[in-house]
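Here's a look at the charged pairs and the nonpolar core in this one. Have the model open alongside as you read.

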Amino acid sequence: MMLEDQNTERKSLRKVTGKGADWDGLARTCVSFANGSGGRLLICIEADLLTRIRRRIAELTVNVQVLPSSQQAANGGEYVEVVVPHSANVASTSDGRYFLRIADSSVPVVGDDVLRL
């Protein structure tokens with residue numbers, strides 16, 4: 001799998017399953033990609049995960065499209081690649097927060113900076 005950069009972030013399967021799931025963190029990352037130049041999340045695979053990712057991110061974001069797909073790494077391992085295209089409209093979390101991808105981080109956008117998106 002690739003290293004993280006401006007357009008790529010790796011996540012553990014635990015980020016989307018069980019009690020330790022961090023859907024808010026995934027939503028922030030997707031909003032950051034959508035407000036930037038787009039990007040990809042790379043997540044380990046399990047049955048029915050692609051549908052769960054698509055549905056849950058849609059519930060937690062506005063103007064964000066996610067395209068999860070199953071991929072195989074060179075070492076034979078499998079992971080989920082979530083492509084997040086650039087949004088034609090300003091993207092946010094469903095609770096009205098905005099983020100932008102800067103280097104390998106999702107940074108909150110506040111005040112007048114939201115208008116520049």
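Glu 9 comes out at 8% relative accessibility in this predicted model, and the cut-off for buried is under 20%, so Glu 9 counts as buried. Its salt-bridge partner is Lys 11, with the closest N and O atoms 2.7 Å apart. Is Lys 11 buried or exposed? Lys 11 has a relative accessible area of 15%, so it falls on the buried side too.

| Salt bridge | N to O distance |
|---|---|
| Glu 9 and Lys 11 | 2.7 Å |
| Arg 40 and Glu 81 | 2.5 Å |
| Arg 97 and Asp 95 | 3.2 Å |

Take the Arg 40 and Glu 81 bridge, at 2.5 Å from N to O. It ties together distant parts of the chain: Arg 40 belongs to strand β2 and Glu 81 to strand β5, 41 residues apart. Arg 40 sits at 22% relative accessibility, so it counts as partly exposed, while Glu 81 is at 10% and counts as buried.

Then there's Arg 97 with Asp 95, whose closest N and O atoms are 3.2 Å apart. Arg 97 is partly exposed at 33% relative accessible area, and Asp 95 is exposed at 52%. Elsewhere, Glu 9 turns up again: salt bridges with shared partners join Glu 9, Lys 11 and Arg 101 into one network.

Now for the nonpolar side. How many residues are in the largest nonpolar core? There are 21, and the ones with the most contacts inside it are Ile 43, Ile 53, Ile 57, Val 64, Val 82 and Val 84. At least two core residues come from each of α1 (23–35), β2 (39–44), α2 (49–60) and β5 (78–84). The biggest contributor is α1, with seven residues. As background, nonpolar side chains tend to be buried together in soluble globular proteins.

Val 84 is a handy place to look around from, being listed among the core residues with the most contacts. Which residues does Val 84 touch, leaving aside neighbours within four places in sequence? The set is Cys 30, Phe 33, Ala 34, Gly 38, Gly 39, Val 64, Gln 65 and Val 66. One of these, Val 64, is also named among the core residues with the most contacts.

Conventions: Residues are numbered from 1 along each chain as its sequence is written. This is a predicted model: local features need pLDDT of at least 70, side-chain atom pairs count only at pLDDT 80 or more; totals for chains, interfaces and linings use all residues. Side-chain values use heavy atoms; hydrogens and water are left out. A nonpolar core is a set of buried Ala, Val, Leu, Ile, Met, Phe, Trp, Tyr and Cys residues joined through side-chain atoms within 4.5 Å. Buried means under 20% relative accessible area, exposed over 50%, partly exposed in between (1.4 Å probe, protein chains only). Helices (H or I, at least four residues) and strands (E, at least two) are DSSP runs, numbered from the N terminus. Contact means heavy atoms within 4.5 Å. A salt bridge is a side-chain nitrogen of Lys or Arg within 4 Å of a carboxyl oxygen of Asp or Glu.
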